[in-house]
Amino acid sequence: MALQRCDVEKIAHLARLGLNEGELPRITDALNSILGLVDQMQAVDTTGIEPLAHPLEATQRLRPDQVTESNQRDRYQAVAPSTENGLYLVPKVIE
Amino acid sequence: MQWEVVIGLEIHTQLATQSKIFSGSATTFGSEPNTQASLVDLGMPGVLPVLNQEAVRMACMFGLAIDAEIGPRNVFARKNYFYPDLPKGYQISQMDLPIVGKGHLDIALEDGTLKRIGVTRAHLEEDAGKSLHEDFNGATGIDLNRAGTPLLEIVSEPDMRSAKEAVAYVKAIHALVRYLGICDGNMAEGSLRCDCNVSVRPKGQVEFGTRCEIKNVNSFRFIERAINSEIQRQIDLIEDGGKVVQETRLYDPNKDETRSMRSKEEANDYRYFPDPDLLPVVIEPSFLETVRASLPELPTQKVERFQSQYGLSAYDANVLASSREQADYFEQVASIGGDAKLAANWVMVELGSLLNKLGVEIDQSPVSAELLGGMLQRIRDNTISGKIAKTVFEAMAAGEGDADSIIESKGLKQVTDTGAIDKMLDEVLAANAEQVEQYRAADEAKRGKMFGFFVGQAMKASKGKANPGQVNQLLKAKLEG
């Protein structure tokens, strides 16, 4: 199943990527060639094989429930474009 | 047309951990904005999430309590969407392999019967931050203190058929997570939030109708009202020839209506994939057994025990066991007072209305279980009547001491001396000679009401302190004689 231009536009929108007219055909081709590889892999018979969730043969280490972080707000907010009363300010979002 | 309502719920419970699910930041509610947001919570490049073992343990507790399958291996996935209070651009959640699988929970319906509600799954995820839309010169303020707070999202089967059933289910989940101590259940602070999926279909139809999701309803009362108004909206729409569109809606309590939030189709394209930052989580059987052994007595078990051990009705047992604090309080009062039914009545009626009036929970009750139990002892040994006990109870609520000292200082001790009561009754009858004559002339049918008059006068004369049983007995003898 090959991606159409409109599919790529939709994916770009979901990922908040601003693609211009010139980039669209190139990206569409590149994505289609990746999907081609996926198709090739889909064709392999995987009956009885457990889906792989992670390439490492390891399991998650857990940490104890302890507060180890202290308040570093001033340092973190020093790089923020805009703050007020301890809040990060962003362009207005309304649902 | 007869309509059938179909409801399924997604309940988000904030787990009561000290630190966040993937970072060592504190989870305390109400702190100064962004003082509990670390580099991990801010989604800074180069940081890695590390899973909190307590969140895993709490999820397992819940799973065991609803008789669910707990997979030996669960996997975290990224749910991708853009919103400013989600700094990474994705929420770490679980998709294909959640920690808790299929389980169930029984709810008590109004007629006392039980209905089993299926739980599809429950998965661990991180909470988002908060967007403050008040005016910051046209900008939105972002507080990331809540970002990364552990959530257990509990997804039900579409098993509920009315708003009342939905509320009963939310209450059952609320009671359960509080019994387990895995969530404080504070809905006003957002510790337990509910998304309601509602659809209607003609009665008898097998396929579900198109559903709408009402987001983030945060009180029992609003859940019921939001669902009912959404049901009515869908029925009106269909009966007017329209079609329900699948979408997310918000409930406005002021207007008592739901309104469209956004079309779900686009927003729903979350492009889940396994999070490469986190490895599969393995739950060892030995670990599960340790968790199982640590489970407290659960609400349904307590309800059964209250009925068999104390002889309470199913209704009373359900009310008393609705929270662990209330159940413990009741058992303490019953044990000190020595009469479970009397204790049940006092806890549900007098204490209940006192707490209601004060607007406090039972753990902040001005009358402790020791005080109430002590007072019940005085009722049982006839020191005071049930009626005088209300006066004593009010005084205890006002902080005037324990029952014994209040009875003493207010002179409320019941008069049980037959001679004294006898004398008092003679005085009452002498003062109401006319009524006595009327009573004696009246036929049996009319006497009942008239007798009550004399009892009332006698109790008034004794300031309520005469033993009611003795008053009745002696009065009867005097009037008949």
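Trainee: Is B:Arg305 buried or exposed, or something in between?
Mentor: This is a predicted model, and in it B:Arg305 is partly exposed, because its relative accessible area is 23%. The cut-off for buried is under 20%.

Trainee: Which residue does B:Arg305 meet in a salt bridge?
Mentor: That would be B:Glu297, with 2.8 Å from N to O. B:Glu297 counts as partly exposed too, at 26% relative accessibility.

Trainee: And which residues are joined with them into one network?
Mentor: Salt bridges with shared partners link B:Glu297, B:Lys302, B:Arg305, B:Asp328 and B:Glu331.

Trainee: How many salt bridges are there over all chains?
Mentor: A search of the whole structure gives 36. Two of these pairings are counted between chain A and chain B. One is B:Asp269 with A:Lys10, where the closest N and O atoms are 3.2 Å apart.

Trainee: While we're on the two chains, how many residues does each bring to the contact?
Mentor: Chain A gives 37 residues and chain B gives 55. The area buried between them is about 4000 Å², and carbon and sulfur atoms give 59% of that.

Trainee: Back to salt bridges. What does B:Arg78 pair with?
Mentor: Its partner is B:Asp277, at 3.2 Å from N to O. B:Arg78 sits in strand E4 and B:Asp277 in the loop between strands E15 and E16, so the pair ties together parts that are 199 residues apart in sequence.

Trainee: Are those two buried or partly exposed?
Mentor: One of each: B:Arg78 is buried, with a relative accessible area of 13%, whereas B:Asp277 is partly exposed at 28%.

Trainee: New topic: how many cavities of 30 Å³ or more does the structure hold?
Mentor: One. About 60 Å³ of space lies in the largest cavity. Its lining divides into five nonpolar, one polar and five charged residues.

Trainee: Which residues line that largest cavity?
Mentor: They include B:Val40, B:Asp41, B:Pro87, B:Lys88 and B:Gly148. B:Asp41 also forms a salt bridge with B:Lys20, the closest N and O atoms being 3.5 Å apart. Both partners lie in the loop between strands E1 and E2 of chain B, 21 residues apart.

Trainee: So how buried or exposed are B:Lys20 and B:Asp41?
Mentor: B:Lys20 counts as buried at 0% relative accessibility, and B:Asp41 counts as buried at 7%.

Key
Residues numbered from 1 in each chain as written. Chains lettered and ligands numbered in written order. Predicted model: local features only at pLDDT ≥ 70, side-chain atom pairs only at ≥ 80, totals over all residues. Heavy atoms only, no water. 1 Å grid on protein atoms, 1.4 Å probe; cavity = no way out; pocket = protein on both sides within 12 Å on 5 of 7 lines; lining within 4 Å. Points joined across faces, edges and corners; volume = space filled by probe spheres on them. Nonpolar A, V, L, I, M, F, W, Y, C, P; charged D, E, K, R; others polar. Contact = heavy atoms within 4.5 Å. Buried area = accessible area lost by both parts, 1.4 Å probe. Salt bridge = Lys/Arg side-chain N within 4 Å of Asp/Glu carboxyl O. Helix = DSSP H or I, 4+ residues; strand = E, 2+ residues; numbered from the N terminus. Buried < 20%, exposed > 50% of the residue type's maximum accessible area, 1.4 Å probe, protein only.
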